[in-house]
Amino acid sequence: MTDMDASPAAAAIPGPNGPAAGEAAGSLEATLEGLLEVESFDPPAGFVRRRDVEADRAAADADPVAFWADRARELLTWDKPFTQVLDDSNPPFYTWFADGELNLSANCLDRHVAAGRGARVAFHWRGEEGERRDVTYADLLADTQRLANGLTSLGVRAGDVVGIFLPMIPEVVVAMLACARIGAVHNVVFGGFAPSAVRERMEVSDARVLITVDGARRKGRRAEVKAAVDAELGDLPALERIIVVRGPGQNAAEVPMTPGRDVWFDELLAAADPDCPPVPLPAEHPLFILYSSGSTAKPKGILHTTAGYLLGATHTHGAVFDLDPDTDVYWCSADVGWITGHSYIVYGPLSNGATSVMYEGAPDYPDHDIWWRIVEEYRVTVFYTAPTAIRSCIKWGPQYPARHDLSSLRVLGTVGEPINPKAWLWYHLVIGGGRCPIVDTWWQTETGSVLISPLAGATATKPGSATRPLPAISAELRTEDGEPVTEGTGILVITKPWPSMLRTLYKDDERFVETYFSRFGPSTYVVGDAARLDADGYFWIIGRIDDVINVSGHRLSTAEVESAIVAHEAVAEAAVVAQPDEQTGQAIVAFVTLTGHRAGDDATEAQLREHVAHRIGKLARPKRIVWADDLPKTRSGKIMRRLLRDVAAGRELGDVTTLRDPAVMAVIAERVRATPDEE
């Protein structure tokens, strides 16, 4: 194993007193190329790990259930202590700490304020136009109590579903915590989704209330969110009330508000009682639904419960990042609308009493150095982002981070997709200066918290590998026949339950079992990813084994995108596959057959992209549309997406003799060669 010295990195990074930009960029490239031959990096010299990893692993290996019980007592505050830890009598419907009671909101807020930490900053919030707000734990507690009472005044009760469709503003955290305080189940929708996707998620969850915003900004442009929401959701029978947050720069008189249904967020808080005691809730009380794309067009409503989920988020946030809430400033650049934001912007950091950064904006607005400007301003020590963002930073160049003092950073993390070794090394050198351990985390919406990852400062890392399962996590690889794989490639599975695992799919227990536990039995969770296990027991995540595309860490169903495309009047049929992409990990390629004798042209292509953006969201727009007179089908009519994936990736085609018309693939391959990627 090789311990990485920081000095080559310093020499490679252009800066005010360093070599010229061109010379430095060349030096950096040479350094990266040389380091690609290095297989493994020991924890950086001088990094002092705060928590004893070996003690945790020994305890977990000896008795994983007892390990989780000890962590639950140490990390969480209980209204009624549990006596039963794991009930595994009815797999896969496991329960944890079922006879205990607690309140998640109280664990994230009240206990810190009661301990004299109310003045501690919970979030340094930055708006994309430079606005600043420091939100303390006492501030969050005050607003959360008022909103909880406001929701109660609107008729919301424990178990009711509340939808949340907000940008990255502190009010989104208040909304989530207010639901948790009274036992309402929140259903957060990513702010980049189209209103039609919001409607679908509100409709299938029977949400009674939606909390949204009058308008949202992105790169200086404004979207009128409330008006768009009204157009899509106005006739939902279960949706009784809409609460509207005032965004900056909006004339309230221009916002459509329906009397008797709509209420302003700030007015609801002002009219509410300031005191709302947290409701002690059973450990297995539903906390939230988060819809994740699946291999069918209908999104999966992943249901997490209170205590087990909170324990997973709290424990892993502290253990993986080696976090000290008294000294660290933590920043996860994700959006709250995804599970990463739930676990590692909201619940994990707040339960640990941490100070975080929250940024509403793009990483390249108003300039490509905005992230590093914020790191310097707030002296961020722990930074957690997606590989696709790192690849964008590489494309922009090292001169942007070089403008700023990043010496405060001590731990770097990645999430959402595997990171390629060159991006890992660039992150390590240019952002971390060679001195920061990188935790390449693997987990899912379904797992609730990180399951496989290096532990900062304790694990030797291999660029591109998520390394080893965390203590008490039983990850294995299996063959197609279910046999264990000790080295090589296989299907990733988790063989023992863990506290933060999903409990079911909302209103669909049958689909829950079929999706995750039918392949190898009710005690083995099938992740849906393929992975490689090396001789050192390190896991290398390869990608999905189902038809889900991972675009910049966001999982999108091929069937959902296909359904959106086919809904266009000009389209007869469509097949969607993933194509490897340097910037986003995977990109969407759509093979489209038009109706009648229509010919595909630039105008139709533009219409289809906007059509998909309207129905799902901009991130679901195909990067490439290939016009096809027919699609490769078996004699029974099944579309052979495997062949389309191969041709999109430029791989040699395999056997096509099973196709109804083998000549179809030759035509499609020629069309692919003639169809450039959309820039």
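**Backbone exceptions, a buried arginine and helix packing**

In the predicted model, D206 is placed in the loop between helix 8 and strand 10 (209-213). The residue follows just after helix 8 and, although not a glycine, has a positive phi of about 55°. Most residues other than glycine have a negative phi, and most peptide bonds are trans. With a relative accessible area of 37%, D206 is partly exposed.

The buried positions of helix 8 are P195, S196, A197, V198, R199, R201, M202 and S205.

A positive phi is also found at D322, a residue other than glycine, where the value is near 50°. D322 belongs to the loop between helix 11 (306-321) and strand 18 (329-332). Its relative accessibility is 2%, so D322 counts as buried, the limit being 20%.

D322 is also one of the residues in contact with R49. R49 itself is located in the loop that runs between strand 2 (41-42) and helix 3 (53-62). The relative accessible area of R49 is 17%; R49 is therefore buried, as this value falls under 20%. Two backbone oxygens lie beside polar atoms of the R49 side chain: that of A319 is 2.7 Å from such an atom, and that of A456 is 2.9 Å from one. When neighbours within four places in sequence are left aside, the contacts of R49 comprise A319, V320 and D322, together with L455, A456, G457 and A458.

Two cis peptide bonds may be described next. One joins P91 and P92, with omega about 5°; P92 is part of the loop between strand 3 (86-87) and strand 4 (95-96). Another leads from Y365 to P366, and its omega is near 5°. P366 occupies the loop between strand 19 (355-360) and helix 13 (370-378).

At the level of domains, the assignment for the protein chain gives domain 1 as residues 55-473 and domain 2 as residues 552-674. The C-alpha centres of the two domains are 34 Å apart. Contact between them involves 26 residues of domain 1 and 21 residues of domain 2.

Helix packing was examined for helix 19 (residues 641-648) and helix 20 (residues 663-674). Two packed helices are described by the angle between their axes and the distance between the axes. For helix 19 and helix 20, the axes come within 10 Å and cross at roughly 35°, and the crossing is right-handed. On the side of helix 19, the residues taking part are L643, L644 and V647, which meet M665, I668, A669 and V672 of helix 20. The residues of this contact comprise seven nonpolar, no polar and no charged.

Key:
Residues are numbered from 1 along each chain as its sequence is written. This is a predicted model: local features need pLDDT of at least 70, side-chain atom pairs count only at pLDDT 80 or more; totals for chains, interfaces and linings use all residues. Side-chain values use heavy atoms; hydrogens and water are left out. Helices (H or I, at least four residues) and strands (E, at least two) are DSSP runs, numbered from the N terminus. Buried means under 20% relative accessible area, exposed over 50%, partly exposed in between (1.4 Å probe, protein chains only). A polar contact is a pair of N or O atoms within 3.5 Å; within protein, one must be able to donate a hydrogen and the other to accept it, and residues adjacent in sequence count only if both atoms are side-chain atoms. Contact means heavy atoms within 4.5 Å. Axes are lines fitted to C-alpha atoms, for helices over the stretch in contact, and angles run from 0 to 180 degrees between N-to-C directions. A crossing is left-handed if the near helix is turned anticlockwise from the far one by less than a right angle, and right-handed if clockwise. Ala, Val, Leu, Ile, Met, Phe, Trp, Tyr, Cys and Pro count as nonpolar, Asp, Glu, Lys and Arg as charged, and the others, Gly among them, as polar. Domain bounds come from an automatic or database domain assignment.
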